Amino acid sequence: MYRFFVQKYQMNEGQVNITGDDVNHIRHVLRMKPGDTVLISTGDEWEYTCSIERFEEDAVILRVQDASRPGKELASRIYLFQCLPKGDKMETVVQKAVELGAFAVIPVSSSRCVVKLDERRGVQKVNRWNAISEAAAKQSKRLIIPEVKQVMRFKEALKAAQDIDVKLIPYERQDGMAGTRRILNAITPGQSVAVMIGPEGGFDDAEVKEAEASGFEPITLGKRILRTETAGMTTLSILMYLLEQDS
């Protein structure tokens, strides 16, 4: 069943008013008809099963048939701080992070990042990444659209993470799976988690020390060196497994 996101003001007395690009998608791409059923989310824990009532010139009018709280979101909010990778890898990172349950993605510019975005290109990229996040949220049946924030410098990212409960920084020079297991197993559902992933060239040693001083705990992901786009997905997969709640 297809999912669409609306703002709460678009719902009133059991009726949902879909506007914008989704109208063309429903009408001309999916070729849906009155009576067809879709899922609607307003960005909270509720999910609404709705049927198409009618089409208007610039809107699709739905009628709510059922409302439920399916518990599809992780109990913990996971923030992925991803240092900018080369090429279009960030698009893959955003897509997979949303599928794996991340609450938000924060692009980070660190000292060894090859990619440098000026303000105009940065806004364009973030808009593109948020569109990818929305598409991935629809596909994976998320109840929210995880936000991709504006690009932050490394120090800004550390400050943005200061109030997050658990802060992790996978680091290729960190030894000891036992320590990593202890840190990860101590995380409990409900705690917020920050994951800081370095760029292709890895973190500068001074950045790791600065992160540690800000409360980040270095962990290892094993004896193999992972690509930047793989390291974040590996960490998120582990966290999803540990924090997923039974229905």
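These legends accompany close-up views of one predicted protein model.

**Figure 1. Here is the whole chain, before we zoom in.** The protein chain contains 7 helices and 13 strands. Of the 247 residues in the protein chain, 43% are buried. Keep in mind as you look around that the model is predicted.

Figure 2. Strands of a sheet pair through backbone hydrogen bonds, either parallel or antiparallel. In this view, 6 strands follow the order E1-E4-E5-E6-E3-E2, and their pairing is mixed. Which strands stand at the edges? They are E1 (3–5) and E2 (11–12). Each has a single partner strand, so one side of each is left without a neighbour in the sheet.

**Figure 3. Strands E4 and E5 run antiparallel.** Strand E4 covers residues 37–41 and strand E5 covers residues 47–56. How many bridges join E4 to E5? There are 5 bridges between them.

Figure 4. Rolling a probe the size of a water molecule over the atoms shows where empty space is left. The largest pocket has a volume of about 500 Å³. Its lining is made up of 26 residues, and those nearest the centre are Tyr171, Glu172, Arg224, Ile225 and Leu226. Which helix gives the most to this lining? It is helix H7 (residues 228–243), which contributes 3 residues. Sorted by class, the lining holds 10 nonpolar, 8 polar and 8 charged residues.

**Figure 5. Here we visit some cysteines.** A disulfide is a covalent bond between the sulfur atoms of two cysteines. In this model the count of disulfides is 0. Cys83, for example, is in no disulfide: the nearest cysteine sulfur belongs to Cys113 and is 4.6 Å away, whereas a disulfide needs the two sulfur atoms within 2.5 Å. Is Cys83 buried or exposed? Cys83 is buried, because its relative accessible area is 0%. Cys50 also counts as buried, at 0% relative accessibility.

**Figure 6. Tyr79 and Phe103 meet edge-to-face.** A pair of aromatic rings is described by the distance of the centres and the angle of the planes. The model has 2 aromatic pairs, and this view shows one of them, Tyr79 with Phe103. Their ring centres are 5.6 Å apart and their planes lie at 65°, so the pair is edge-to-face. Tyr79 sits in strand E7 (residues 78–83), while Phe103 is in the loop between helix H2 (89–99) and strand E8 (104–109), so the pair ties together parts that are 24 residues apart in sequence. Tyr79 is buried, with a relative accessible area of 18%, whereas Phe103 is partly exposed at 24%.

**Figure 7. Phe154 and Phe203 form a tilted pair.** These two rings are 5.8 Å from centre to centre, with 55° between the planes.

Terms used:
Residues numbered from 1 in each chain as written. Predicted model: local features only at pLDDT ≥ 70, side-chain atom pairs only at ≥ 80, totals over all residues. Heavy atoms only, no water. Pairing = 2+ DSSP bridges. Helix = DSSP H or I, 4+ residues; strand = E, 2+ residues; numbered from the N terminus. 1 Å grid on protein atoms, 1.4 Å probe; cavity = no way out; pocket = protein on both sides within 12 Å on 5 of 7 lines; lining within 4 Å. Points joined across faces, edges and corners; volume = space filled by probe spheres on them. Nonpolar A, V, L, I, M, F, W, Y, C, P; charged D, E, K, R; others polar. Buried < 20%, exposed > 50% of the residue type's maximum accessible area, 1.4 Å probe, protein only. Phe/Tyr/Trp six-rings, centres within 6.5 Å; stacked < 30°, edge-to-face > 60°.
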